[in-house]
Amino acid sequence: DGHRPHPKRKRTKWAARPGEQVAAKVTRTDENGSWILASVQRFYADTDTYDVQDEDDTSKLIRLPWSHVMRLSTGAEGCFQKGADCMAIFPETTSFYKSKVSKAPIWKLDHGVP
């Protein structure tokens, strides 16, 4: 029928929700540490941008484009095959670095049964 869904509506469906923790790219480079742990404050569907708050510095909001905000995995996505690209968090920090999955995880259900 020639009718296509509006792309912004699709993005809104997949947008991180207020209060959700995300990885946020806060520099123009792709160096390790350019992605930080942040909390979504608001998503603007009309501009595909987010207001996020650095988990280490809650004094300011950072406005970022859609492409600079990544939802964190719940494990249900099944994308953790050995050798897959991923991001990991530096110990004792809120900064991410690029990595590869070294061993596929074994997820436990609430009842402790894999």
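**Rings, charges and burial**

Author: Let us start with phenylalanine 90, which at 31% relative accessibility counts as partly exposed. Here buried means under 20% relative accessible area, exposed means over 50%, and partly exposed is in between, with a 1.4 Å probe and protein chains only.

Reader: Okay, and what should I know about how the values were made?

Author: The model is predicted, so local features need pLDDT of at least 70 and side-chain atom pairs count only at pLDDT 80 or more, whereas totals for chains, interfaces and linings use all residues. Residues are numbered from 1 along each chain as its sequence is written, and side-chain values use heavy atoms, with hydrogens and water left out.

Reader: How many helices and strands are in the protein chain?

Author: The protein chain has one helix and seven strands, and along the sequence they follow the pattern α-β-β-β-β-β-β-β. Both kinds of element are DSSP runs numbered from the N terminus, helices being H or I with at least four residues and strands being E with at least two.

Reader: How many aromatic pairs are there?

Author: The count comes to four aromatic pairs. One of them joins phenylalanine 43 and tryptophan 66, edge-to-face, at 5.7 Å centre to centre and with 65° between the planes. Rings of Phe, Tyr and Trp (its six-membered ring) pair if their centres lie within 6.5 Å, and planes under 30 degrees apart count as stacked, over 60 as edge-to-face and the rest as tilted.

Reader: Where do phenylalanine 43 and tryptophan 66 lie?

Author: Phenylalanine 43 is in strand 2 (residues 35–44), while tryptophan 66 is in the loop between strand 4 (61–65) and strand 5 (69–71), so the pair ties together parts that are 23 residues apart in sequence. Phenylalanine 43 counts as buried, at 15% relative accessibility.

Reader: And which aromatic pair does phenylalanine 90 form?

Author: Phenylalanine 90 pairs with tyrosine 97 in a tilted arrangement, at 4.6 Å centre to centre and with 40° between the planes. Tyrosine 97 is partly exposed too, with a relative accessible area of 25%.

Reader: Changing topic: how many salt bridges does the structure hold?

Author: The structure holds three salt bridges, a salt bridge being a side-chain nitrogen of Lys or Arg within 4 Å of a carboxyl oxygen of Asp or Glu. One of them joins aspartate 51 and arginine 63, at 2.8 Å from N to O. Aspartate 51 lies in strand 3 (residues 49–54) and arginine 63 in strand 4, so the pair ties together parts that are twelve residues apart in sequence.

Reader: Is aspartate 51 buried or exposed, and what about arginine 63?

Author: Aspartate 51 counts as buried at 7% relative accessibility, whereas arginine 63 counts as exposed at 51%.

Reader: Which residues does aspartate 54 touch?

Author: Leaving out residues up to four places away in sequence, aspartate 54 touches Ile36, Leu37, Ala38, Lys60 and Thr94, where contact means heavy atoms within 4.5 Å.
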